[in-house]
Amino acid sequence: MSTEQEPTTSQDELSQALPTEQPEVDDHAAALDELQDRWRRALADLDNLRKRHAKELDAVRSEERARTAAAWLPVVDNLDLALTHAGSDPSAVVEGVKAVRDQAVDVLRQLGYPRYEETGVPFDPTRHEGVGTVDAPDAEPNTVVQVVRPGYGEGSRQLRPAAVLVSKRQE
């Protein structure tokens, strides 16, 4: 019987014969670490951007509030002045209050919200709020015949629609 011996190889011979993959694994680990670092930095940058944007938005809001309040200060001053003359001639007080109202309407117009209170125009549900109908023989059907409360603004910048009475169809 012949016995065949299997060749024996030492551990050193095996390590030299097998390709080593350790440098490639190290390259992948380094690339992964770099990507994770870049990802963390991008998240931090995004968080800083959000905070900066929120801070800038608050500043713009504060400036706009201050600008709007400053526009109303003359109206308040004139109302105070009208109240100091409340005991004097009633017609002068009424004229003063009308002037202050006109000033307030002008402030709204300057802020981009003009007043509208037209009659004789067709009813438009985007600009008018119908609060009632009236029988008006001299007006076309579905026409604004009386403004109960004026509207302010136009298009998408409307503060409120005008409350109106509309002529109904004649039967």
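This is a short tour of a predicted model, stop by stop.

**Whole chain**

Start with the protein chain in cartoon view. The chain contains 3 helices and 5 strands.

Switch to a surface view next. The accessible surface of the protein chain is about 13,600 Å², and carbon and sulfur atoms supply 54% of that area. Of the 171 residues in the chain, 15% are buried.

**Helix H3**

Select residues 90–110, which form helix H3. Show the side chains of Arg 109 and Asp 106, which form a salt bridge with the closest N and O atoms 2.5 Å apart. Why are these two separated by about one helical turn? Arg 109 and Asp 106 are 3 residues apart in helix H3, so about one helical turn separates them. Arg 109 has a relative accessible area of 47% and is partly exposed. Asp 106 is also partly exposed, at 29%.

Now select Arg 101 and Asp 102. Their side chains meet in a salt bridge, at 3.1 Å from N to O. Arg 101 counts as partly exposed because its relative accessibility is 43%, which falls between the 20% limit for buried and the 50% limit for exposed. Asp 102 has a relative accessible area of 43% and is partly exposed.

**Strands E2 and E3**

Move to Glu 129 and Arg 149. Which kind of interaction do their side chains meet in? The side chains of Glu 129 and Arg 149 meet in a salt bridge, with N to O at 3.2 Å. This pair links distant parts of the chain: Glu 129 belongs to strand E2 (residues 128–134) and Arg 149 to strand E3 (residues 144–149), 20 residues apart. Glu 129 is partly exposed, with a relative accessible area of 35%, and Arg 149 is partly exposed at 30%.

The salt bridges visited so far are among the 9 that the structure holds. Side chains of opposite charge can pair when their charged atoms come close.

**Arginines over tyrosine rings**

Select Arg 127 and Tyr 116. The charged end of Arg 127 sits over the ring of Tyr 116, at 4.1 Å from the ring centre. Then select Arg 157 and Tyr 113. Here the charged end of Arg 157 sits over the Tyr 113 ring, 4.7 Å from its centre.

How many aromatic pairs does the structure hold? A search for them returns 0.

Methods: Residues numbered from 1 in each chain as written. Predicted model: local features only at pLDDT ≥ 70, side-chain atom pairs only at ≥ 80, totals over all residues. Heavy atoms only, no water. Phe/Tyr/Trp six-rings, centres within 6.5 Å; stacked < 30°, edge-to-face > 60°. Lys NZ or Arg CZ within 6 Å of the ring centre and 35° of its normal. Helix = DSSP H or I, 4+ residues; strand = E, 2+ residues; numbered from the N terminus. Buried < 20%, exposed > 50% of the residue type's maximum accessible area, 1.4 Å probe, protein only. Areas by Shrake-Rupley, 256 points an atom, 1.4 Å probe, with all protein chains shown as cover. Salt bridge = Lys/Arg side-chain N within 4 Å of Asp/Glu carboxyl O.
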